[in-house]
2 protein chains.
Amino acid sequence: MSSEAHSSLVEKPVVPENRIQHIDLLDASEDAYEGVNVEMKEPMDSNVFVSLLRASISQWRQKGKKGVWLKLPIELVNLVEAAVKEGFWYHHAEPTYLMLVYWIPKTTHSIPANASHRVGIGAFVMNNKGEVLVVQEKGGKFGGTGVWKLPTGVVDEGEDICVAAIREVKEEAGIATEFVEVLAFRQSHKSFFGKSDLFFVCMLKPLYADIQKQNLEIAAAQWMPIEEYAAQPFVQKHSGFSYIARICLAKKDNRYTGISAVPTSGGFSAKTSFLYFNDTKDLKLKQ
Amino acid sequence: MSSEAHSSLVEKPVVPENRIQHIDLLDASEDAYEGVNVEMKEPMDSNVFVSLLRASISQWRQKGKKGVWLKLPIELVNLVEAAVKEGFWYHHAEPTYLMLVYWIPKTTHSIPANASHRVGIGAFVMNNKGEVLVVQEKGGKFGGTGVWKLPTGVVDEGEDICVAAIREVKEEAGIATEFVEVLAFRQSHKSFFGKSDLFFVCMLKPLYADIQKQNLEIAAAQWMPIEEYAAQPFVQKHSGFSYIARICLAKKDNRYTGISAVPTSGGFSAKTSFLYFNDTKDLKLKQ
């Protein structure tokens, strides 16, 4: 291969003058865990890729490196088979790329696992008559069952739980709301391709009462007395749902205080993130 | 191809007798969302795969199907490039397989997103002297910083938060504990390959006091007065950590009640799952 043609991909290690070498290696960055990261960007013939990969791994082995992360954009799908044949395995994938990993030492690898949970919200929107916003879904598990349920939805990657709850109510019922607190959350397993699920029941305050339901997924939406919602056989039958309904009933009667969301800075990153806790008077965290 | 060689993979649709056909299709199951699921198991030549895939998609299109899920075990990596060239894209991957998707209609797809969150725990283990179990890590972000931190770890796929907290304390410090409650949780973003992170601070009760630290990742472990833990500059500097420290201090003084874990059945699945909520006396959920 011409090294000029791949100048953005290769690096030439500095070698002592008395050892004339010409080795093309994959361009890689190092991480804080003795690992190397390779992000392929330009098209490459798979045979050329294999020779660069072998030379690079040999070099990384000499340097005492351990894990190798190889990110292949979907446009470079022609390199996937070659990487797997060299001993790489899949770590995770997103629509636009596949991440593969390789462990250089002869020890058991300590490569961290992929994202393990999907996160969902259920919205408890109560108006000043003590009624709750409920919907009937067109499709899915609840489609055609006649069950009235709280609006629910999936929290997107990068989205705050309290923001997702507001978004879902707006999408499904056309109602603008304010986030009040998290009432409860549930962790369940094997919900979606073997992943676990965290479901947060959020209390929201409606800013007006007029429902404008979305037509694609929602068959019906209405305000319903909380007692009527809680009395549905489906809710009564499953202790998960009946506990949540009883928490909602207690909330209506001011017998329950939920979990507050407080913006904080720092911690794992420099960005603002929400801390959820019982912000009672005794605690006096917010002076 | 010989249809016998792939008898487990193909199905022959029943056709009217006056239209003699011989079409080999990929074996597929249907889901509740007008989708089809194909799980490839046996080795196959990629050209054979492409013709089967094209014939199958044509058939599914006639049936009004929408999404196609294609699961390729890593052993069948030779089929990945062919699938992408036919218009499939990556949905998710685990070490042993790659899941690809395809959308048949000309509309925008409604294929659900991949798992979006990693879940972690921090363990607040307080002994009866009002001391907290703290550790210093060897590597990673805190390695060599001298920061004393709560034991932390990643919740595995399929693992309950309350179980993960007990496991991590046992692994890092060799101490058996009982789960008491969740004190607080924090959601942060872009923590790991763009994924979001949910971190649960769990209070645990130690069953004995003798620390036996793990040597691979932990440089030191000890009991420390909570006030001393909270006074560390690192903790004071970041409001996320200082809030948590103040909650721990309030807990010591009985000025804080956390979030209880109650096993429930039903809901999204028939399995037992934990519901976390403020199980106060007023609520009277557990009679």
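This is a predicted model: local features need pLDDT of at least 70, side-chain atom pairs count only at pLDDT 80 or more; totals for chains, interfaces and linings use all residues.
**Ground rules.** I number residues from 1 along each chain as its sequence is written, and I letter chains from A and number ligands from 1 in the order in which they are written. Local features need pLDDT of at least 70, side-chain atom pairs count only at pLDDT 80 or more, totals for chains, interfaces and linings use all residues, and side-chain values use heavy atoms, with hydrogens and water left out.

**Chain A overall.** I looked up the secondary structure and found six helices and 15 strands in chain A. Helices (H or I, at least four residues) and strands (E, at least two) are DSSP runs, numbered from the N terminus. Of its 287 residues, 53% count as buried. Buried means under 20% relative accessible area, exposed over 50%, and partly exposed in between, with a 1.4 Å probe and protein chains only. I then took the contacts (heavy atoms within 4.5 Å). Among those in chain A with a separation of 6 or more, 58% join residues 24 or more positions apart.

**The annotated span.** The unreviewed UniProt entry gives "domain: Nudix hydrolase" for residues 116–248 of chain A. Such annotations may be inferred rather than shown by experiment. I found this span to be 25% helix and 41% strand, with its end C-alpha atoms 29 Å apart.

**A sheet in chain A.** I traced an open sheet of five strands with mixed pairing, in the order β3-β4-β5-β7-β6. Its edge strands are β3 (29–30) and β6 (89–94), each pairing on one side only. Two strands pair if DSSP finds at least two bridges between them. β3(A) and β4 (residues 36–39) have two bridges and run antiparallel. I noted that A:E30 has A:V36 in β4(A) as its bridge partner.

**Cores.** A nonpolar core is a set of buried Ala, Val, Leu, Ile, Met, Phe, Trp, Tyr and Cys residues joined through side-chain atoms within 4.5 Å. The largest one has 65 residues, and A:M40, A:F49, A:Y90, B:M40, B:F49 and B:Y90 have the most contacts inside it. Strand β7 (residues 97–103) of chain A gives the most to this core, with seven residues. Apart from it I found another core of 46 residues, including A:L204 and B:I175.

For A:C248 the nearest cysteine sulfur is that of A:C202, 11 Å away. A:C248 counts as buried at 1% relative accessibility. For B:C202 the nearest is that of B:C162, 7.6 Å away. B:C202 is buried as well, at 0%.

Definitions and conventions:
A disulfide is a pair of cysteine sulfur atoms within 2.5 Å.
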